[in-house]
Amino acid sequence: MRVLLIGANGYLGRFVAERLLADPAVQLTALGRGDDADVRFDLATGSPGALTRFLDAVHPGVVVNCAGATRGGARELTRHNTVAVATVCEALRRSGCGARLVQLGCGAEYGPSQPGSSTAEDAVPRPGGPYGVSKLAATELVLGSGLDAVVLRVFSPAGPGTPAGSPLGRLAEAMRRAMQSSDGELKLGGLGVQRDFVDVRDVARAVHAASLSAAQGVINIGSGRAVRLRDAAAVLARVAGYGGALHELDSPPVPLRPTIGHPRPDPDHATPVTHPYPDGCGSWQQADVRTARDRLGWRPRINLEESLADIWMEAACRI
């Protein structure tokens, strides 16, 4: 099976590439903006015609799109998350390869949900920020393309390679600094948020399964369990061997301590912290993952403690 992987150098793409390369039946070609891609191509600026010519030459059976942006303004997010997917869809429509498309979406497309609830694929998406809006627009393009396509809505990925700017990445970095300075207490804000964390290696397994399946539409990929960030912090402290006290802040102290989930405030104009959520998902998110089980035969295998241990191992190497 010939697979064209777009975004192989990204956080999720690296693990998807590793998983696909482990399958002896897969012949993998990587397309991306980096020098180490098999083919250099920028989806945000490249034309559908140029991509079509490449598709006709390689003739993949499956195209997996892991490319995208998680940060930036609305314009940048739209270019990398929406325009790029429009280019892929149009190129596939023009091409004679007839490839199946596996598109990576995200849980942010749903927006805030009711605490205690599990979000299923038939929930009405109400993204709470430009990132979720740009990803939802991409999903709608895929679903309306007429292609053989599936969108995997990945909730909160965790594990090795977790970006330093993510909530778990910031948490690990704050703990590393506290241990490095022998600080007996760690003061953090924004730990009340609850998210559905799923290991990146389990996400890669889901992509592999989706590539081989005939499933179409939207499929949630998560653990099916919301975890409070303060509980994740406690597990991380145990894994790291941090014996200090963890204190959750309701408002920023002076001098400022590390915060999780919101930007640093101005110490001269300190106000109560409202803990905004950059992903636009509010205080709670939990996936209903029964569709992935039923249609892909997929279940998460790696628990959060193992994911956090891998995050900590990478953070500890910076000590």
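The legends below describe close-up views of a predicted model.

**View 1. Helix α5 against helix α7.**
Helix α5 covers residues 167–180 and helix α7 covers residues 229–240; their axes come within 11 Å and cross at roughly 45°. At this angle α5 is oblique to α7. The crossing of α5 past α7 is right-handed. On the α5 side the contact is formed by Pro167, Leu168, Leu171, Ala172, Met175 and Met179, and on the α7 side by Leu229, Ala232, Ala233, Leu236, Ala237 and Ala240. By class, the residues of this contact between α5 and α7 are 12 nonpolar, no polar and no charged.

**View 2. Helix α5 against helix α9.**
The axis of α5 and that of helix α9, residues 304–316, come within 10 Å, with a crossing angle of roughly 50°. The pair α5 and α9 is therefore oblique. The crossing of α5 and α9 is right-handed. From α5, the residues in the contact are Leu168, Ala172, Met175, Arg176 and Met179, and from α9 they are Leu308, Ile311, Trp312 and Ala315. The contact of α5 with α9 holds eight nonpolar residues, no polar residue and one charged residue.

**View 3. Helix α7 against helix α9.**
The axes of α7 and α9 come within 9 Å and cross at roughly 60°. This angle makes α7 and α9 oblique to each other. Helix α7 passes α9 in a right-handed crossing. In α7 the contact residues are Ala232, Val235, Leu236, Arg238, Val239 and Ala240. Their partners in α9 are Leu304, Glu305, Leu308, Ala309 and Trp312. Nine of the residues in the contact of α7 with α9 are nonpolar, none is polar and two are charged.

**View 4. Arg170 in helix α5.**
Arg170 is a residue of helix α5. Arg170 has a relative accessibility of 24% and therefore counts as partly exposed. The C-alpha atom of Arg170 is separated by 9.9 Å from that of Ala315, and the two residues are 145 residues apart along the chain. Ala315 is also one of the α9 residues in the contact with α5.

**View 5. Arg100 in strand β5.**
Arg100 is in strand β5, which spans residues 100–106. With a relative accessibility of 4%, Arg100 counts as buried, because the cut-off for buried is under 20%. The side chain of Arg100 makes a polar contact of 2.7 Å with the side chain of Asp148. Leaving aside neighbours within four places in sequence, the residues in contact with Arg100 include Gly61, Val62 and Val63, as well as Asp148, Ala149 and Val150. Further contacts of Arg100 are with Ala210, Ser211, Ser213, Ala214, Ala215 and Gln216.

**View 6. The buried residues of helix α1.**
In helix α1, residues 11–21, the buried residues are Tyr11, Leu12, Gly13, Phe15, Val16, Ala17 and Leu20. The cover over these buried residues of α1 includes the strands β1 (2–6), β2 (27–32), β4 (62–65), β5 and β7 (156–158). Helix α6 (200–212) is also among the elements that cover them.

**View 7. Gln285 in the loop between β12 and α8.**
Gln285 is placed in the loop that runs between β12 (245–249) and α8 (290–296). The relative accessible area of Gln285 is 2%, so Gln285 is buried. Not counting residues up to four places away in sequence, Gln285 touches Gly107, Ala108, Tyr110, Gly111 and Ser113, among others. Phe155, Gln194, Arg195, Asp196 and Ala226 are also touched by Gln285.

**View 8. His59 in the loop between α2 and β4.**
His59 is in the loop between α2 (48–58) and β4. The phi of His59 is near 55°, a positive value in a residue other than glycine. His59 has a relative accessible area of 41% and is therefore partly exposed.

**View 9. Ser182 in the loop between α5 and β8.**
The loop between α5 and β8 (185–189) contains Ser182. Ser182 is a residue other than glycine with a positive phi, near 55°. At 65% relative accessibility, Ser182 counts as exposed, because the cut-off for exposed is over 50%.

Definitions and conventions. Residues are numbered from 1 along each chain as its sequence is written. This is a predicted model: local features need pLDDT of at least 70, side-chain atom pairs count only at pLDDT 80 or more; totals for chains, interfaces and linings use all residues. Side-chain values use heavy atoms; hydrogens and water are left out. Axes are lines fitted to C-alpha atoms, for helices over the stretch in contact, and angles run from 0 to 180 degrees between N-to-C directions. Helices (H or I, at least four residues) and strands (E, at least two) are DSSP runs, numbered from the N terminus. Angles under 35 degrees count as roughly parallel, over 145 as roughly antiparallel, 65 to 115 as roughly perpendicular and the rest as oblique. A crossing is left-handed if the near helix is turned anticlockwise from the far one by less than a right angle, and right-handed if clockwise. Contact means heavy atoms within 4.5 Å. Ala, Val, Leu, Ile, Met, Phe, Trp, Tyr, Cys and Pro count as nonpolar, Asp, Glu, Lys and Arg as charged, and the others, Gly among them, as polar. Buried means under 20% relative accessible area, exposed over 50%, partly exposed in between (1.4 Å probe, protein chains only). A polar contact is a pair of N or O atoms within 3.5 Å; within protein, one must be able to donate a hydrogen and the other to accept it, and residues adjacent in sequence count only if both atoms are side-chain atoms.
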